[in-house]
Amino acid sequence: PTSVLVTGVQVSSRIFMVWLITHSIKPIQNEESVVLFLVAWTVTEITRYSFYTFSLLDHLPYFIKWARYNFFIILYPVGVAGELLTIYAALPYVKKTGMFSIRLPNKYNVSFDYYYFLLITMASYIPLFPQLYFHMLRQRRKVLHGEVIVEKDD
Amino acid sequence: MKHYEVEILDAKTREKLCFLDKVEPHATIAEIKNLFTKPHPQWYPARQSLRLDPKGKSLKDEDILQKLPVGTTATLYFRDLGAQISWVTVFLTEYAGPLFIYLLFYFRVPFIYGHKYDFTSSRHTVVHLACICHSFHYVKRLLETLFVHRFSHGTMPLRNIFKNCTYYWGFAAWMAYYINHPLYTPPTYGAQQVKLALAIFVICQLGNFSIHMALRDLRPAGSKTRKIPYPTKNPFTWLFLLVSCPNYTYEVGSWIGFAIMTQCLPVALFSLVGFTQMTIWAKGKHRSYLKEFRDYPPLRMPIIPFLL
């Protein structure tokens, strides 16, 4: 059973990329990086949900299991590259328009700068991506090669 | 008198780590932990978890060897809890930070706001009041840590100090930045709002302190006894009639008061996060009380009267 937290993070990041970046910032919609992450996501999702569906039907063809645990090796870095390049391309427009930002002074004494939020989001890929990638690699070794993984103790 | 033999195995690898012979039957787990430290000095007692079953619960320091379900050769399983740090150290560090950090913003130390604001003072009374309240709150916490609280556990995992300090210090800086900002906007309903909110804050601080004193008096110094808390002559403790953890109730109340007083959204968010965590703790404490005491008052809720 997949973790609620991990899936939650992934779904949120997809919603973020689609609505808060691509939909809201028109100038970057023609960037090649958008095609990059859309293709990576599409192929990944078709594979992943086929895997889940056939697993539930108790009739899983080996090639779907193979695809689910091998495609990600390429698709995951490609998708991340597409996402990061898109956010990077959006930065100048965000800075210029001040979109999604709250400035001082205001009644609730708070501020939010979407530009810096995006910079921090990009930086967060650095610790997060390797963790998720190596998690998938470990799952791959366990499922495809029957390796017994001794979990490091907390 | 018959002596016991105790062998200690690693809970994961089942490797024999230590063999103790001629152990007194009335020896406590604490004493056994001290004996175990000698051949393994890196595993000081605070980081040892000894249990009868590799996947079972940890034995308590006060447990006596001959009262455990073991033969005269007892097998105990050891688990390393990791580097430990004392609760007192963690509390002092995590509370001293906000006290100091808030003042940096209050005095508008250079490099926080524009240079023309360096060391200037706010013209809003509520900003000065807020500094007094915030500082008082953390001084109170520091003094309670040193003189009031009686901790059940001596230590916690070392990584907690980094997690906790990030939380307290981070939020303190975030709140202090806005409250002490040159562009700070005072509350919409002016002095009335500030006075009401200040009253809530003060009452809840007194309430919180009263509960801490009542809890302290439940337990003699150096002991780890647990008893059901009851209301005392102090009216602030009458909240025990309705909740298991009125200290948390009052704490949330204090921060709601501070949020209304400063009308600052980051303060409201800090209150919300704190409330979430304290609710989890209160529910846990409430559950332990119910499990341990058959006659626990049924009217009580964990943290919010009648509701939560």
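Helices here are DSSP runs of H or I with at least four residues, numbered from the N terminus. The structure is a predicted model, in which local features need pLDDT of at least 70 and side-chain atom pairs count only at pLDDT 80 or more, while totals for chains, interfaces and linings use all residues. Residues are numbered from 1 along each chain as its sequence is written, chains are lettered from A, and side-chain values use heavy atoms, with hydrogens and water left out.

A salt bridge (a side-chain nitrogen of Lys or Arg within 4 Å of a carboxyl oxygen of Asp or Glu) joins A:R48 to A:E45, with the closest N and O atoms 3.1 Å apart. Because the two residues, A:R48 and A:E45, are three residues apart in helix 2 (residues 32-56) of chain A, about one helical turn separates them. Relative accessible area is described as buried when under 20%, exposed when over 50% and partly exposed in between (1.4 Å probe, protein chains only). A:R48 is buried at 11% relative accessibility, whereas A:E45 is partly exposed at 23%. A network of salt bridges links A:R14, A:E45 and A:R48.

Over all chains, the structure holds nine salt bridges. One of them lies in chain B, between B:E251 and B:R141, whose closest N and O atoms are 2.6 Å apart. B:E251 belongs to helix 6 (residues 246-262) of chain B and B:R141 to helix 3 of chain B, so this pair ties together parts that are 110 residues apart in sequence. B:E251 is buried at 7% relative accessibility, and B:R141 is buried at 11%.

The side chain of B:R108 does form a polar contact of 3.0 Å with that of B:T120. A polar contact is a pair of N or O atoms within 3.5 Å; within protein, one must be able to donate a hydrogen and the other to accept it, and residues adjacent in sequence count only if both atoms are side-chain atoms.

Finally, the domain assignment, which is automatic or from a database, divides chain B into domain 1 (4-82), domain 2 (84-185) and domain 3 (187-307). The C-alpha centres of domain 1 and domain 2 of chain B lie 41 Å apart.
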